[in-house]
Amino acid sequence: MLEGLIIEQLHLNHQAPLAERNAAGRYLDGIVSRPVLSGIDLSVAPGEFVALVGPSGSGKTMTAMSVLRLLPPQVRIDSGAIRLNGLDLAQSREADLNRIRGGRIGMLYQQPKRMFNPRRTIGNHLAEPLKLHQGLRGRNAKARAKDLLAEAGLEDPASCALAYPHQLSGGMAQRAMMALALAGRPELLLADEPTSALDKVLERQILQLIDRERHERGLGVLYITHNLATVAAFADRVVVMDAGRIRESGRARAVLTDPKTACTKNLLDAATLMPPPRSVPVAPSPKLRLSETPESPCLRGFRRYS
Ligand SMILES: Nc1ncnc2c1ncn2[C@@H]1O[C@H](COP(=O)(O)OP(=O)(O)OP(=O)(O)O)[C@@H](O)[C@H]1O
Ligand SMILES: [Mg+2]
């Protein structure tokens with residue numbers, strides 16, 4: 001029986017040189033260490049969709065990056081266990097991790113174009129995991145690449161495979177990244193706000209594709225988002241983080257309808273934020289006339305109206 005991803009008591013520290021000076025103005029020797037993640041316990045079963053939410057800086061990305069061991073140089077795993085179906089990722093060698101990234105673990109990021117090599121076509125990007133993880137080469141790899149692009153919702157997969165990343169729109173690039181993430185037939189998908197820059201229709205399509213993969217072949221999904229509507233619609237469970245700790249977790253519906261902690265309540269309040277009632281009448285804002293030049297820098301370059 002596969003257990004999926006299990007993170008136990010993960011502690012991450014940020015280490016930086018001491019920034020203090022002595023009386024003579026010399027920097028003191030030493031290192032300051034501050035916790036980034038403290039005692040993270042988290043699991044994603046095969047076929048499960050777990051949403052990871054929390055305010056900015058709470059440690060969501062660092063949690064996902066720990067799984068891939070792609071942490072910034074100053075941030076270290078202090079202690080804890082990270083296992084994927086029995087494989088100890090915290091102890092794996094770099095060469096093994098390289099095979100796991102894009103293979104057993106697929107990744108989706110917020111800005112796909114930054115993750116692609118601008119000098120390589122999309123087809124070229126897809127060829128790598130197909131060869132490495134699926135053993136596909138030549139014509140077979142090309143055919144599979146086109147299938148993956150079509151499944152990700154790209155209308156003209158053949159042209160897309162020949163395109164360079166800069167030739168794709170943001171939405172097309174996100175779909176291409178989705179195809180790339182699924183090319184190695186991963187057991188686990190780590191998605192870090194992959195749809196926050198997309199329109200709602202595209203966002204839903206990407207989420208539906210992820211949903212299909214998990215139902216059809218048991219893909220486990222750890223999905224980082226600020227969008228609680230996404231959590232409500234797609235997540236089985238939700239984990240709420242704040243200041244490097246898990247504050248609350250449980251079935252998505254239960255946590256969203258009956259939050260137990262102030263952190264979750266704040267997130268829910270922010271999601272339904274309404275403008276406060278105005279007690280003081282507000283003067284109508286002056287309309288711009290064609291004869292006037294917009295003075296605000298943010299209006300420069302816009303066509304004036306009357
Ligand atoms: N590149 C980095 N180098 C050093 N420390 C970092 C780096 N990125 C993040 N951190 C530290 O890790 C903490 C958690 O950051 P993380 O990026 O995981 O937050 P997040 O929850 O993903 O926020 P957001 O919603 O804004 O993406 C931050 O408060 C910061 O102190
Ligand atoms: Mg983040």
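Helix 4 (122-134), helix 6 (157-162) and helix 7 (170-183) are among the elements that cover the buried residues of helix 5. Contact here means C-beta atoms, placed from the backbone, within 7 Å. This is a predicted model: local features need pLDDT of at least 70, side-chain atom pairs count only at pLDDT 80 or more, and totals for chains, interfaces and linings use all residues. Residues are numbered from 1 along each chain as its sequence is written, and chains are lettered from A and ligands numbered from 1 in the order in which they are written. Helices (H or I, at least four residues) and strands (E, at least two) are DSSP runs, numbered from the N terminus.

**Helix 5**
- The buried residues of helix 5 are Ala141, Ala145, Leu148 and Leu149.
- They lie on the same side of helix 5, because their arc around the axis is only 95 degrees. The arc is that of the directions from the helix axis to the C-beta atoms.
- Arg139, Ala143 and Asp147 are exposed, on the face turned away from the buried side.
- A residue is buried if 20 or more other C-beta atoms lie within 10 Å of its own, exposed if 12 or fewer, and partly exposed in between; C-beta atoms are placed from the backbone.
- Glycine 153 follows helix 5, with a positive phi near 95 degrees.

**Helix 7 and helix 8**
- The axes of helix 7 and helix 8 (residues 200-217) come within 11 Å and cross at roughly 10 degrees. Axes are lines fitted to C-alpha atoms, for helices over the stretch in contact, and angles run from 0 to 180 degrees between N-to-C directions.
- Helix 7 and helix 8 are therefore roughly parallel (angles under 35 degrees; over 145 is roughly antiparallel, 65 to 115 roughly perpendicular, the rest oblique).
- Gly171, Gln174, Met178 and Leu182 of helix 7 meet Leu202, Ile206, Leu209 and Glu213 of helix 8.

**Helix 11**
- Cys263, Thr264 and Leu267 are buried in helix 11 (residues 262-271).
- These buried residues fall within an arc of 100 degrees, so they line one face of helix 11.
- Ala262, Lys265 and Asp269 are exposed on the other side of helix 11.

**Methionine 241**
- Methionine 241 sits in strand 9.
- Methionine 241 counts as buried because it has 25 C-beta neighbours inside 10 Å.
- Methionine 241 and glycine 59 are 182 residues apart in sequence, yet 7.1 Å apart in space, C-alpha to C-alpha.

Note on methods. Two residues are in contact if their C-beta atoms, placed from the backbone, lie within 7 Å.
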